[in-house]
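User: I am new to this structure. Please show it to me and take me through it.

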4 protein chains.
Amino acid sequence: MTDQLNIALIGSKFMGRAHSNAWLNVGRFFDVARNPVMHTVAGRNEVELREFAERWGWANTTTDWRTAVADADVDLIDIATPNHVHAEQAIAALEAGKHVVCEKPLAGTLADAEAMVAAAAASSAKTFVWYNYRRVPAVALAHRIVASGGLGRIYHARACYLQSWGGPDTPLVWRFQGDIAGSGAHGDLNAHIIDAVRFVTGEEIVSVDGAIEHTFITERALAESTGGEIAGAGAGSGAATGTSTVDDAVMFLGRLSGGGLASFEASRLATGYHNANRFEIHGERGALRFDFERMNELGFYDNEDGATAGWRTIDVTRGGDGHPYADAWWPDSHGLGYEHGFVNQAADIVAMLAGKEPLVPMPDFADALNTQRVLDAAIVSAREHRPVDLSR
Amino acid sequence: MTDQLNIALIGSKFMGRAHSNAWLNVGRFFDVARNPVMHTVAGRNEVELREFAERWGWANTTTDWRTAVADADVDLIDIATPNHVHAEQAIAALEAGKHVVCEKPLAGTLADAEAMVAAAAASSAKTFVWYNYRRVPAVALAHRIVASGGLGRIYHARACYLQSWGGPDTPLVWRFQGDIAGSGAHGDLNAHIIDAVRFVTGEEIVSVDGAIEHTFITERALAESTGGEIAGAGAGSGAATGTSTVDDAVMFLGRLSGGGLASFEASRLATGYHNANRFEIHGERGALRFDFERMNELGFYDNEDGATAGWRTIDVTRGGDGHPYADAWWPDSHGLGYEHGFVNQAADIVAMLAGKEPLVPMPDFADALNTQRVLDAAIVSAREHRPVDLSR
Amino acid sequence: MTDQLNIALIGSKFMGRAHSNAWLNVGRFFDVARNPVMHTVAGRNEVELREFAERWGWANTTTDWRTAVADADVDLIDIATPNHVHAEQAIAALEAGKHVVCEKPLAGTLADAEAMVAAAAASSAKTFVWYNYRRVPAVALAHRIVASGGLGRIYHARACYLQSWGGPDTPLVWRFQGDIAGSGAHGDLNAHIIDAVRFVTGEEIVSVDGAIEHTFITERALAESTGGEIAGAGAGSGAATGTSTVDDAVMFLGRLSGGGLASFEASRLATGYHNANRFEIHGERGALRFDFERMNELGFYDNEDGATAGWRTIDVTRGGDGHPYADAWWPDSHGLGYEHGFVNQAADIVAMLAGKEPLVPMPDFADALNTQRVLDAAIVSAREHRPVDLSR
Amino acid sequence: MTDQLNIALIGSKFMGRAHSNAWLNVGRFFDVARNPVMHTVAGRNEVELREFAERWGWANTTTDWRTAVADADVDLIDIATPNHVHAEQAIAALEAGKHVVCEKPLAGTLADAEAMVAAAAASSAKTFVWYNYRRVPAVALAHRIVASGGLGRIYHARACYLQSWGGPDTPLVWRFQGDIAGSGAHGDLNAHIIDAVRFVTGEEIVSVDGAIEHTFITERALAESTGGEIAGAGAGSGAATGTSTVDDAVMFLGRLSGGGLASFEASRLATGYHNANRFEIHGERGALRFDFERMNELGFYDNEDGATAGWRTIDVTRGGDGHPYADAWWPDSHGLGYEHGFVNQAADIVAMLAGKEPLVPMPDFADALNTQRVLDAAIVSAREHRPVDLSR
């Protein structure tokens, strides 16, 4: 008989919805060693929260997240709030002895992230970070190919995360407010691709050698609700526009611990792309490429293929061929979607909390701190016009 | 306050699972006018059935589907069984005054299908058929483009449904047994693309002008369980192999009611393709193409684009651009997967049972009979080496 | 020192130009065993012919092709005229002891083609047919992969040749006049893909099991010059429109000598495609696909690739990897264009006339007759609504 | 009657061959206002040179390029030698009153390039630079789309030129010798994409904000011939290996004069890519993308397309749609290859020397100096770890 795993979720917007779906469905598709129970959801707006809880099947609600953290029945705190409150919530949860799974990036600032890692180190609880793209099957397969030597020495990693919703007509929602969001495209998007390059190559970024941080649109119309998911304040003023205090795009160049080169670019103004989270990795024996806009496909080039060498478009949906997570879902080429990465991660989290191994490495707070350090170094490099060494 | 809609599902294999997921999730993502309740699931194997019910949240189980049909609380019978039992179950359900949604193809034989349509005509209940690909957003958008005149006069429709799991090593599962499955690739796969061409073009197939029905692999190893999902019988013999009594591939040529030409091909031996459900449609003003292996994309060629004319790869995931069903799910380019088509159809079924319109036309039994007639005509043409006129 | 090879070309329109370019450039890029000399060009319009000869470097001109055929200095007659005159010219050339290379299809009628093969058999001269796509490097590589067993038993061949220049606004040029062109899309386009399937699979088409021949646009505006390249007649009438006497599209289904199935479709009204000469071939061990609109790429799926199996997009431009004809041209991925297939074929023709082997099999008249028989059978099947057996 | 244009070519290796082909074919496909005559070719090795001249049809040869420059009959000097000799040859030619077309990059050093521009300014002759990719029709169309306002304000340009022939097994050919080549991937490849971004956007790169210059493989086997095309010297030593003195990869970040951001990356070790000369440009109204590995295609995203917006794959081969240079070649979708860009440029050079306008802007020495300045700034930035301002 399976153990229960009582979960409390903090946050009920986009990520709250993605996490709820994961907890709801994980037990339908995976054979879980513990039974995830949707125990409590915490948020600020009581009316909205109740509707949310009813829709998704959360048993309880609270407008004070500390209540959930203090609840003896709760095993796991799931943090789906804006970046600037991650640290406070995560540390409180760890101090209460709860396991914690936190949205990415780990925190709004490097100092916050370091405090979270310290709290994790001081606790016997387990920590996890929702770098959900690791569990897109194509990305997990990329990791496996590199880990098994399929690329050999790595020369290049080239990663972009390109969206285009941040044009001049987009109002000043919380994601454009630095005090809430911490940063713009950088923390939102570069965080994912830094993690992806680290995860797939198995290497660290040891220096940032040059960077540009840029805001194309500085003045934006005030949004109807300028508040964030939990934060709030709101504009309330009569002013028609406000100032964006985050980057629209950040690009940087760096070096990998194995001697290769890497580049990263995040933008909210890359017309034509809506969610182009993509990377290309070139090694001595082969190469890989991925674009989330075709999330069920992984590109692989095997230098050993001779006259028939070509980019292989691998449809990473084939359980019979051992593709990661495919067995849990549908027959071959019955593609997966965005939310499946979260469900897959939920399955691995449940497995780990039952003492098992995840299918591919899971980021904990300490791991996610390395990504946070790169994020931070890129900004230092951009603002101080100098390389930043991360190899200490 | 929303009305309840009590559902009973018959069948608990691949399609039973896909339908269960649809009923479970439809209310999370869509604002439903009636609340779908997973009331009863019917199947043959009691132990498996209970496990299935627990996993998916069906409140009751029964090993006699007639019990579910007779249950006064049940509003809708969902048939997810092999083709040869559709007629008996659907007719019984209609006679009991239940609404019925039936897996495709409508039936194992044309006679069965006609009896089902007659029963539907005699009933005040509503009927639906799970031609789920109509509600893949890209296919729904294709329908809209044609309906709004984007293609003009249609010259060509070219459809294939190509899989490759039917190689010589695949054993004699129920899908290779004619008495259970009715046919092989033909009813399984051609049914979908005949429906797709009819749905997207808005035209009927008025003749089959030539056809080939072929079985490449006639002898197959006996499967461990040779029985079907509900049926059974089984081989039971001590023989190591048995004879496949269905087609592995069926191809045919036909004409559309608007004067265009059409071709169809289904195969289980098209190495390299796993679920390539695809079509191309060429009209005087433009053209469309779709391949389920890239299910979030629709290809559209607009002849009016002049020097910048080219196949547009439309990422059909953008709620803000009015893409069908996109609003219910995630932000732009956070792609959908296979099961979302079923959830989208569940949403439209619930809407229709609350007196509303579906987003795009929904096939009922009468509509699905037209697809069945084409399926039948293709086999007649292949076996009798003659054209078959369907325009009467 | 290299021998001379004196060539006389008949025809100076589209194909005359493509052949002239081939003879002009073959010696620049290939190390030729005989030196091709552009000796004489024959055509009807003296003024145009002189301009053509000057532009391309033909040493002599004649308005009577029989003069060229009779010229003792000429070694090779290159026929680039409409189909209905191929037989007369080729037979005369063979009777004069000349080698002959003829445009495809071999002839306008099966009877003509048979007469040409008889004349070739009676001559010691060599014959060649400009099925130029065999020498597109990607198609040549496809041939090699099949020949070396890369596909195993072949289940399916699926070929289309789709263009879209034949819309209602296109006037009645010679290609729409049956007495000159022999047929429409069928002889022009299906000829190429029948040859391609035969060449790549190494199998023959042994039956046509169903076919449709169709003319969408029956009345067309008269062209300024309604005459053909050499023929003439002309409309002369005062009528504004004339009747198209050829097909716009022909589709047919058939069987391969190895037991596989095949389908063919040619159209001039496939909006969105301009020169989509494409095929897909599925075997037990792998699959191939090609589309001339991306002529430097061959798709290959190797079933042995396990978890990393995927369609390989082979950039067939790599001399170092032994890609056919690549050495003669540029470094890797410095792609080739349409006319290079003709130059490659010219290189093989010159090689064969110097006693060497071509890189891949070259079609002679006897070989091309098999394609002609399939063309003919498709029309018989379409008009008589019956299968046609070609296996005798 | 057309004027003659007597051309002397210096260099007879890869580029000498590409230029010869251009001069040979330009008059066949284009209606030229002056008749290009292949007058003289200059090189070092007399035997090889004669063979080259005979093959390509150069009337005269000389082993002293100064003879050609001094020849009163010669109108145009075409420089196809390694970068370090461009300046000497071009300046001598200009001083002799000849028009000059020079291979890219303009020179091996910025000082050389400036001297060349000064010499051009002091002469009444015309100068041209072989940035051949401008005349790939897809790139020319990209230029036109931007010039006509199709992109609006430009946010991002992202360019890579990725090859993979520089692995550890490649010997120390002249391209790895800094004194001959000037640089490695940087001058060879980044030169092209800097020019492409400048050409397509119509903007200048006004700063380099960060850069990395890297050599992955420092020791390479000595090549059989270590000499360059004209240079020579050679290693001569008995050592088995030598030191590469050029970069294998250079990446840099910069800003555009219109306020946008740009990134550039060149590598000879990008496994999987052989000639991936590509760019993506994002503006407020639309976006463009190009990859030379699919040279006949241009990607265009038009933000105005609403629900049917998608990346358009424009097959840039359609003369009837006004695609640049298409009329000169073949019917639609009869694709072009690598060398056609050179022929197209030759056509524009001839036109300009007859007083006409080129189809799209042609780079002269002054224009190419701007590209050279960016090349130089990137190296300064990489070596001195600082931004470089180019906006003066």
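This is a predicted model: local features need pLDDT of at least 70, side-chain atom pairs count only at pLDDT 80 or more; totals for chains, interfaces and linings use all residues.

User: What rotation superposes chain A on chain D?

Analyst: Two copies of a chain are related by a rotation about an axis and a shift along it. Here the copies are superposed by least squares on the C-alpha atoms of residues with pLDDT of at least 70 in both. For chain A on chain D the shift is 0.0 Å and the RMSD 0.0 Å, with a rotation of 180 degrees. The two copies are therefore related as by a two-fold rotation axis.

User: Which residue of chain A comes closest to the rotation axis?

Analyst: Chain A and chain D use the same surface, as 100% of the contact residues of chain A recur in chain D (contact means heavy atoms within 4.5 Å). Taking C-alpha positions, the residue of chain A closest to the axis lies at 2.0 Å and is A:Gly210.

User: How much area is buried between chain A and chain D?

Analyst: 47 residues of chain A are in contact with 47 residues of chain D. Buried area is the accessible area (1.4 Å probe) that two parts lose on being put together, summed over both. Carbon and sulfur atoms give 60% of it, and the total is about 3,600 Å².

User: Which residue of chain A forms a salt bridge with D:Glu265?

Analyst: A salt bridge is a side-chain nitrogen of Lys or Arg within 4 Å of a carboxyl oxygen of Asp or Glu. Between chain A and chain D there are 4 salt bridges. In one of them the closest N and O atoms are 2.7 Å apart, and the partner of D:Glu265 is A:Arg158.

User: Which three residues supply 18% of the area that chain C buries against chain B?

Analyst: The area buried between chain C and chain B is about 3,600 Å², with 59% from carbon and sulfur atoms. Across this interface there are 4 salt bridges, and B:Arg278 meets C:Glu280 in a salt bridge at 2.4 Å, N to O. More of the area that chain C buries comes from these three than from any other three residues: C:Phe216, C:Leu253 and C:Thr271.

User: What is the strand order of the open sheet in chain D?

Analyst: Helices (H or I, at least four residues) and strands (E, at least two) are DSSP runs, numbered from the N terminus, and two strands pair if DSSP finds at least two bridges between them. The sheet has 6 strands with parallel pairing. Its edge strands, each pairing on one side only, are β3 (60–62) and β6 (127–129) of chain D. The order is β3-β2-β1-β4-β5-β6.

User: Which residue of β3(D) is the bridge partner of D:Ala42?

Analyst: Strand β2 (residues 34–42) of chain D runs parallel to β3(D), and 3 bridges join the two. The partner of D:Ala42 in β3(D) is D:Thr62.

How values were computed: Residues are numbered from 1 along each chain as its sequence is written. Chains are lettered from A and ligands numbered from 1 in the order in which they are written. Side-chain values use heavy atoms; hydrogens and water are left out.
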